[in-house]
Amino acid sequence: MFHNLARLLRHRGLIQSLVARELKARYRGSVLGFFWSFFNPLLLLLVYSFIFKYVMPAKAEGAEPYALFMFCGILPWTWFSSSLTESAGVLIAGSNLIKKVLFPAEILPIVTVLANMIHFLLGLPILAAFLIWYRAPLTAGELLWFPIIVFVQLEFTIALALVLSALTVHFRDIRDILANLLTLWFFATPIIYPYFNAPPFAKKFLNLNPFSHLAISYQEVLFFPGPFGHWKWLLALGVASAFFFVLAYFVFDRLRDTFAEEV
Amino acid sequence: MTQAIDVSHVSKVYRRYARRRQFATLKSALLSGSLIRDLAPDETFAALDDVTVSVPAGRTLGVIGRNGSGKSTLLKLVAGITKPTRGTVRVQGRISALIELGAGFHPEISGRENVFINGIMLGLSKREIAKRFDEIVDFAELKDFIDAPVKTYSSGMYMRLGFAVAINVDPDVLLVDEVLAVGDESFTHKCLDKFAEFKRRGKTILLVTHALGLVERFCDDALWLDAGHVRGAGDPKRIVGAYITDVETTEEQHLAAADAKAQEGKSTEPADMFQAAEGRWGSREVEITSVTLTGEDGQAGHVFQSGERLDVRIALHAAQPVEDFVIGVGVFNAEGVCCYGTNTNLEELTPERLSGDAEATFSISALDLVEGTYKLDVGVHKIDGYPYDYHRLLYTFRVKSRMKDVGIYRPPHAWRFAGAISFKRTT
């Protein structure tokens, strides 16, 4: 297993070019091409702003402007959820590679997560522009945490993607369950409501949700003033994710030999 | 000598699931608590059973066998795509597997980008690909199309590009699965030239193919797989010969079964003799009790080599003595064209008397027919055509030939040359 993990490092070049291919292929044939990576989050933000300002004005105590608050959580969530949705089917879609070419299968879910991360990163300038527009209280000290949050999320997402992609080979309906599960998960995460507004009994459950800590971290660093107080949770999640990643890789490695026969 | 490929006591067992498993889902598995039970196979199927084979570095091994004999499974095991259930597979050096050409191509992006990504997938670095890029494109003959998305390629272009990338990986061990069957003539030649170059450079090749001629010409050794077992290994000529004989024996059985079926059916005399389908009719005053075909070795059979001797032995029985009888034979090819027909009357044999049991043998000293399936008419009738017993197209035989000449028959012939012309001696 560790031998295979080491091999993963040697496949950097392959991962790199597959991510590039993924991004190129996605926008091939569209007029705006890469600009969609900017426009999509922008349009999303405009829609939310419009709805929560005029259609059903939201009163979230202590989280104003609300649209910006929500945007801080939705952007990373989109990366997370589309990574998982796509990686659930990625081994089946890549059956040609797995069956006909000697190809390290774990690369496929990893590439999916990374390609979605690039989309996330491309959406950041829009977020930054709005943060500045609304005069969000950004400080350099807090912003240093930002890459760490992204890294922890990357770790966590890849681990989950590995397990999901491997299990979906054997149980195809994970893909359908997953869509519903993600909707539930979305509402069980403090993204459209601030954590501190949740009733005390719910906070216990929110703390059990790993993505809560990521969302809270993003919000604290980008949106709320004051020092980043959630760092202990974030680091704990980072360490837990590292263990989870090793475990996930172990599961994936154990199932690896069955892929060529099952996909 | 070092072994480039070493397959030792390898078995590969595939699982076969009953219908229940096919529709099983995680939900139902969890609900009925049968998760563990459903994962257990209902039935297993050994695609390979205790196969041992090794290929020394620099040799070319041809793997032959019927469909489903385990050839491709062996190739996938050597490539490392699947793992053996039992036994070990060891391969020395870089492998390139031509199992499906262009398997990793992405349809939306250009040929150029696909070459790079495919090359990296096969283990090359970016710089190595850049260095070989022109060579790859030249080989694939795609200079004008290399920047077009791969989805616009014809299947031939797609395949050529896939082959060009895979062959330029410069592997130490090349695994080839029947990929030559798909290209046009000139591309196939190009591929063969490339393989020959590989051989010269001392690379190891494992070739899975149905093209037996290729195995004989091109391989140093041959391996014959049959239902997951090694049936034979060694000199290609000998193994291919043994394989062909085995295939003939099986065909033989099929033909014998088909004949038995055809002779069961009875029919009446048709209005037009030459358009009639198979059948049997006649007054049976004289009966054809059996027709056997025997070859050079005197054994009854249904498959014969072109140029060999063929005897058609017709057993007759006349309940009452008859004095007016003609015995005839006709040979038809698969398209229904009469290749040859004759009878005792045409050959000016005047009938005298036939009573009780008798046998007539129509003996062809050299069966100069081209390869194919043929059917026989055998009949006994009066000189005026009144049929006693007529067997229309009831006997089938196959002619095998190593020469793939065409036409209806092969006249005895030879080539002679004079002047400044010469041919290479073939092995």
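Student: Which residues does B:Val78 touch, leaving out those up to four places away in sequence?
Tutor: Touching here means that C-beta atoms, placed from the backbone, lie within 7 Å. This is a predicted model, where local features need pLDDT of at least 70, side-chain atom pairs count only at pLDDT 80 or more, and totals for chains, interfaces and linings use all residues. Residues are numbered from 1 along each chain as its sequence is written, with chains lettered from A in the order in which they are written. By that rule, B:Val78 touches B:Ile5, B:Val7, B:Val89, B:Val91, B:Leu175 and B:Leu206.

Student: How many residues are in the largest nonpolar core?
Tutor: A nonpolar core is a set of buried Ala, Val, Leu, Ile, Met, Phe, Trp, Tyr and Cys residues joined through C-beta atoms within 7 Å. Buried means 20 or more other C-beta atoms within 10 Å of a residue's own, all placed from the backbone. B:Val78 is one of the members that touch the most others, along with residues including A:Phe71 and B:Leu206, and the core's total is 138 residues.

Student: Which helix of chain A gives the most to the side that touches chain B?
Tutor: Helices are DSSP runs (H or I, at least four residues), numbered from the N terminus. Helices 2 (12-27), 5 (95-100) and 12 (231-262) of chain A each give two or more residues to that side. The top giver, with seven residues, is helix 2 of chain A.

Student: Which element of chain A has the highest mean pLDDT?
Tutor: pLDDT is the predictor's confidence in each residue, from 0 to 100. Chain A has a mean of 87. Its lowest element is helix 1 (residues 2-10) at 77, and the highest, at 94, is helix 8 (residues 145-170) of chain A.

Note on methods: Buried ≥ 20, exposed ≤ 12 C-beta atoms within 10 Å, placed from the backbone. Contact = placed C-beta atoms within 7 Å.
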